[in-house]
Amino acid sequence: MSQLRPRRHHPNDNDRGEVRLDIRSDSTHSSIDFNYAKYGKKKRIKKKGRCSIYVVFIVGCFVYLIAVFTWSTSWGRGPSSKPLTSDSKSRQYYNNQSLQQNTQRQESLYKRLGQRLTTQKRHKDLTKTPQTVNLNDLTTTIASKKEYAYKHAKYDEKSADYGDLEYKLLKGGFLKNIENGGAFDPESTIDVDVTKKTLQKRGSYPQYILSDGDTLPMKQKAEDASYKDLLNYYDDDNVEVFKRANDGKTEEPRACKTAEFEKFYFPTCNNFHEIDLGRPYDDPEEMQQPRPENQLAKVRYLDHGYYRDVWVVEDNPWIWPTQYATEKNNKPKEALGVSDEKFTADLVTKAYRTMVLKTLRYAHKYKEDSFLEVQLEAIIMERMTKSSRIMDIYGHCGFAVSAELVPIEFEERVVSGEGYAEAKDVQKRNKDGPRSYNNFTAEEKLSFALEMAESIADLHGFEDGVIVHDDVQLCQWMTTSDGRLKLGDFNRATIMQWDEIKDQYCMFNNGIAFGNYRAPEEFKAVNLDEKIDVFSFCNNIYALITGLWNFYDTEDDEVVHEKLIGGDLAFVDPRWKDQSYEEGKLVELLPKCWAYDPDERISIFDAVKFLRQAVEDKPKHSN
């Protein structure tokens with residue numbers, strides 16, 4: 001280690017603001033200087049001249065006080081030994097009058113200020129109490145007043161604290177009519193001056209008035225109204241006015257009203273806060289250890305889509321003591337035809353005490369459009385609870401949805417592998433007759449086709465308004481433990497609006513579509529209706545028959561777009577018509593669903609009728 005050189009100046013010379021640190025116990029040896037040039041040099045405060053400054057300051061204050069006192073006495077505002085002259089008397093009288101006026105102004109100001117502060121304080125105290133439910137002012141005894149009097153000896157409005165809620169004050173011109181008691185009904189407080197007026201019927205619109213002053217009492221006249229006139233007429237957030245008709249070309253305005261149930265939103269966030277998602281992120285070795293018996297549920301990560309993660313929330317056995325005793329009997333007796341047989345079999349066994357939880361993936365940030373899509377999915381699933389063909393929803397909060405577990409993937413059973421194949425390989429395989437790539441029997445194919453059609457019909461035929469799934473694919477159906485199909489995943493669904501002028505459903509527009517499983521009009525970006533679900537439904541029928549995707553020979557989506565827009569459909573081997581009665585009926589249904597013009601395409605109700613008739617007629621053909 002190199003030796004430290006001693007400083008050249010005297011050890012006690014510290015004029016440069018440096019601190020000397022000895023590295024040896026003996027201070028006579030070499031030492032290190034700590035240079036403040038690197039860390040900031042200390043400022044040396046000069047003490048010279050401080051006393052003189054203080055003295056000058058004190059003397060100046062004393063002189064100022066003497067001058068003020070002298071000035072005040074010279075103008076008659078203090079004691080004076082000199083006799084008052086006529087000028088000084090008049091000056092003193094004037095000053096006294098001014099002082100008296102100033103005093104009166106101050107007293108008036110203080111009085112008004114005090115009244116204002118008192119009013120503010122009184123108002124502040126009153127705002128703590130909901131003024132529309134001021135129990136002290138009610139002459140009629142109601143249940144809520146009795147309950148409050150029972151809990152408290154006296155109702156003190158000053159001590160009542162209702163947070164930051166603000167209510168309008170009750171005025172003397174109102175009548176209070178509370179008949180049955182209990183909760184306060186705002187509609188029971190009626191203005192005396194308007195009781196005789198005819199109240200407008202809820203949901204009705206005011207009389208339509210054109211810009212030239214003429215009225216339109218009849219609906220036929222409203223049909224001829226302009227776009228701007230309809231905007232003024234339908235001043236309603238639930239009615240959307242469009243410039244063009246359903247075809248998207250004709251300059252004919254539409255007044256499209258949103259279905260009422262689209263606003264039926266019932267989140268259950270408290271139930272979600274009880275679910276612990278932290279466990280799946282623990283150490284893998286710890287995950288193999290059983291959870292404590294006092295834990296309500298076990299959470300496992302299942303899979304993810306583009307926007308959301310999918311979790312499996314499994315109740316612990318002690319919550320289901322009776323069913324758990326016979327749980328092993330739920331285990332499948334044969335292969336299910338899916339990629340992960342062991343995991344799926346475990347889900348089937350525990351399905352009675354398991355649910356699915358979908359949450360927003362961490363890779364995505366909050367977007368209002370995505371939030372509204374998930375909210376709409378929850379609303380639709382809640383409305384469709386009565387249908388046994390739709391997955392049941394258990395709860396909803398934000399981007400999260402909990403639903404029943406339907407354990408078996410249907411797409412994996414229908415489509416073999418990736419679902420694509422070379423045309424020459426398919427021809428070679430079907431050399432002696434068409435052979436499906438899945439293991440379904442002809443009866444199962446017809447049965448599954450009917451179940452899918454019926455679940456879509458539950459949406460299109462919903463009593464409160466048509467629901468378009470807008471994303472019909474095989475993966476949207478799952479198979480229950482007892483072999484039934486259930487439809488889910490409604491985050492792309494659309495609730496169709498109703499045209500108040502034409503008395504028909506308003507078509508909607510999704511813009512340019514992507515993928516290769518949609519109707520031709522979706523790729524053309526024109527207005528759409530529920531018939532898009534019918535076209536995609538028959539894509540599922542094609543996969544059921546063959547075990548392949550409709551355009552199995554290409555994975556290029558743009559090629560598929562061009563074919564569909566040009567009117568080209570998937571190749572169907574004509575020999576499937578004679579393969580079996582059931583498969584022949586499914587092939588017969590394909591061109592009805594694949595009609596290029598949506599107006600010529602059959603409805604999902606016609607498809608259900610066709611398939612049900614095929615099931616009924618099957619015994620006749622069997623004989």
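So, how many helices and strands are there in the protein? There are 19 helices and 20 strands. Before I go on, keep in mind that this is a predicted model.

A bit of overall context. The protein has 623 residues, and 36% of them count as buried. If you take contacts between residues at least 6 apart in sequence, 63% of those join residues at least 24 apart.

Okay, on to helix H16, which covers residues 531-546.

Now the neighbours. Let's take helix H18, residues 581-593. The H16 and H18 axes come within 9 Å and cross at roughly 155°, and the pair is therefore roughly antiparallel. The crossing is left-handed. Who's touching whom? On the H16 side you have Val534, Phe535, Phe537, Cys538, Ile541, Tyr542 and Ile545, and they meet Leu586, Val587, Leu589, Leu590 and Cys593 from H18. By class, that contact between H16 and H18 has twelve nonpolar residues, no polar ones and no charged ones.

The other partner is helix H14, residues 442-460. Its axis and that of H16 come within 10 Å, crossing at roughly 165°, which makes H14 roughly antiparallel to H16. This crossing, of H14 and H16, is right-handed. From H14, the residues involved are Lys445, Phe448, Ala449, Met452, Ala453, Ile456 and His460; they meet Asp533, Phe537, Asn540, Ile541, Leu544 and Ile545 in H16. By class, the contact of H14 with H16 comes to nine nonpolar, two polar and two charged residues.

If you look down those lists, remember that an α-helix has 3.6 residues a turn, so residues three or four places apart point the same way. And notice that Phe537, Ile541 and Ile545 of H16 are among the residues that meet H18, and also among those that meet H14.

One last stop, away from H16. Glu373 lies in helix H11, residues 368-383. Its relative accessibility is 35%, so Glu373 counts as partly exposed. Leaving out residues up to four places away in sequence, Glu373 touches Phe490 and Asn491. Glu373 and Thr494 are 121 residues apart in sequence, yet 9.2 Å apart in space, C-alpha to C-alpha.

That's me done, happy to go back to any of it.

Notes: Residues are numbered from 1 along each chain as its sequence is written. This is a predicted model: local features need pLDDT of at least 70, side-chain atom pairs count only at pLDDT 80 or more; totals for chains, interfaces and linings use all residues. Side-chain values use heavy atoms; hydrogens and water are left out. Axes are lines fitted to C-alpha atoms, for helices over the stretch in contact, and angles run from 0 to 180 degrees between N-to-C directions. Helices (H or I, at least four residues) and strands (E, at least two) are DSSP runs, numbered from the N terminus. Angles under 35 degrees count as roughly parallel, over 145 as roughly antiparallel, 65 to 115 as roughly perpendicular and the rest as oblique. A crossing is left-handed if the near helix is turned anticlockwise from the far one by less than a right angle, and right-handed if clockwise. Contact means heavy atoms within 4.5 Å. Ala, Val, Leu, Ile, Met, Phe, Trp, Tyr, Cys and Pro count as nonpolar, Asp, Glu, Lys and Arg as charged, and the others, Gly among them, as polar. Buried means under 20% relative accessible area, exposed over 50%, partly exposed in between (1.4 Å probe, protein chains only).
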